[in-house]
Amino acid sequence: MTTLALDHAAVVGGHTLFKKNVFDAATYPYKVIKVPTDIKLGKKVKKGKLRGAKIYILTLEERATCDYSCEHWLDCYGNNMPFAHRFLANDALYPAIVRDLDEIDSKGKPYQLRLHVLGDFFSLKYVNFWKSQLQNRELLNIYGYTRNHPIKPIGKSILSVRNKYKERFSIRFSNYPDDPMSAQSENVSTDGIGCPHQLGLSESCGDCALCWTMQTKPVIFYDH
Ligand code: SF4
């Protein structure tokens, strides 16, 4: 993983290394909700209640949308993702997401959306937006990780949406071992279940499904 220097412009300014791949949804001619190309995610859920559901992704700009407390501010996963299209966290993002979800909903089948491949929940308005999508779209399921801990307003709001939609909003707090629905680096805690993909036991998240089916234990990720 590429680790940036403390005085690197992306670190100080709080943005991606790859500004050319940050798009404004207002002028972006394609879908913002995409089908994953990363084999680690997989394309379909193969286990549990959501078996058969297609997987989709949304990618925001790393650092620009993240909590500054993130342990990976310097060595963010995004430092090694030059080609991913990231979306600006602006007002145009909301209708673009709604448009794409409408199209997916029209297929009439449950689906699993990964929030976010890069980036994070950047405001209370944005968390509330997802709450209303869950309210209005019965087929929508969401999983992912956030570095917004429930000791600050955005994290508290994520927790309240998760409590309301226990089965459909599986957002794990990163590096927050106090919470059973968290996801830790092995350096923070090893009390939980190791990610089967990293352990060579599962080809993809679609095959594994642990992050959204296991509500009572943290998932542990390995740094090497
Ligand atoms: S535990 Fe399973 S679902 Fe979670 S990241 Fe690892 S492979 Fe994906």
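## The ligand shell and the parallel sheet

By class, the shell around the ligand comprises eight nonpolar residues, two polar residues and no charged ones, where Ala, Val, Leu, Ile, Met, Phe, Trp, Tyr, Cys and Pro count as nonpolar, Asp, Glu, Lys and Arg as charged, and the others, Gly among them, as polar. The model is a predicted one, in which local features need pLDDT of at least 70 and side-chain atom pairs count only at pLDDT 80 or more, whereas totals for chains, interfaces and linings use all residues. Residues are numbered from 1 along each chain as its sequence is written.

The residues around the ligand are Cys195, Pro196, His197, Ser202, Cys205, Cys208, Ala209, Leu210, Cys211 and Val219, a residue being near a molecule if its C-beta atom, placed from the backbone, lies within 6 Å of that molecule. Helices α5 and α6 (210-213) each supply at least two residues of this shell; helices (H or I, at least four residues) and strands (E, at least two) are DSSP runs, numbered from the N terminus. Alanine 209, which is one of the residues around the ligand, lies in the loop between α5 and α6. Its phi is near 70°, a positive value in a residue other than glycine. Alanine 209 counts as buried because it has 24 C-beta neighbours inside 10 Å; the cut-offs are 20 or more other C-beta atoms within 10 Å of a residue's own for buried, 12 or fewer for exposed, and partly exposed in between, with C-beta atoms placed from the backbone.

### The sheet

Seven strands form an open sheet in the order β2-β4-β5-β6-β7-β9-β8, and the pairing is parallel. Strands β2 and β8 (193-194) stand at the edges with a single partner strand each, so one side of each is left without a neighbour in the sheet. Two strands pair if DSSP finds at least two bridges between them, and the table sets out the pairs together with one facing residue pair for each.

| Strand pair | Bridges | Residues opposite each other |
|---|---|---|
| β2 and β4 | five | lysine 54 and tyrosine 111 |
| β4 and β5 | five | arginine 114 and tyrosine 143 |
| β6 and β7 | two | serine 174 and alanine 183 |
| β7 and β9 | three | serine 185 and phenylalanine 221 |

### The nonpolar core

The largest nonpolar core has 39 residues, and those with the most contacts inside it are Leu113, Val127, Ile142 and Ile158. Such a core is a set of buried Ala, Val, Leu, Ile, Met, Phe, Trp, Tyr and Cys residues joined through C-beta atoms within 7 Å. At least two residues of this core come from each of β2 (54-58), α2, β4 (111-115), α3 (124-136), β5 (140-146), α4 (153-164), β6 (169-174) and α5 (205-208). Isoleucine 142 touches Leu113, Leu115, Trp130, Arg168, Phe169, Ser170 and Ile171, when residues up to four places away in sequence are not counted; contact here requires C-beta atoms, placed from the backbone, within 7 Å.

Most residues other than glycine have a negative phi, and most peptide bonds are trans. The peptide bond from leucine 115 to histidine 116, however, is cis, with omega near -10°, and histidine 116 lies in the loop between β4 and α3. Arginine 63, in the loop between β2 and β3 (86-87), has a phi near 70°, a positive value in a residue other than glycine. Why does arginine 63 count as buried? Arginine 63 does so because it has 25 C-beta neighbours inside 10 Å.

Tyrosine 94 lies in helix α2 (residues 93-105) and counts as partly exposed because it has 14 C-beta neighbours inside 10 Å. From C-alpha to C-alpha, tyrosine 94 and tyrosine 68 are 23 Å apart in space, and they are separated by 26 residues in sequence.

Methods
Two residues are in contact if their C-beta atoms, placed from the backbone, lie within 7 Å.
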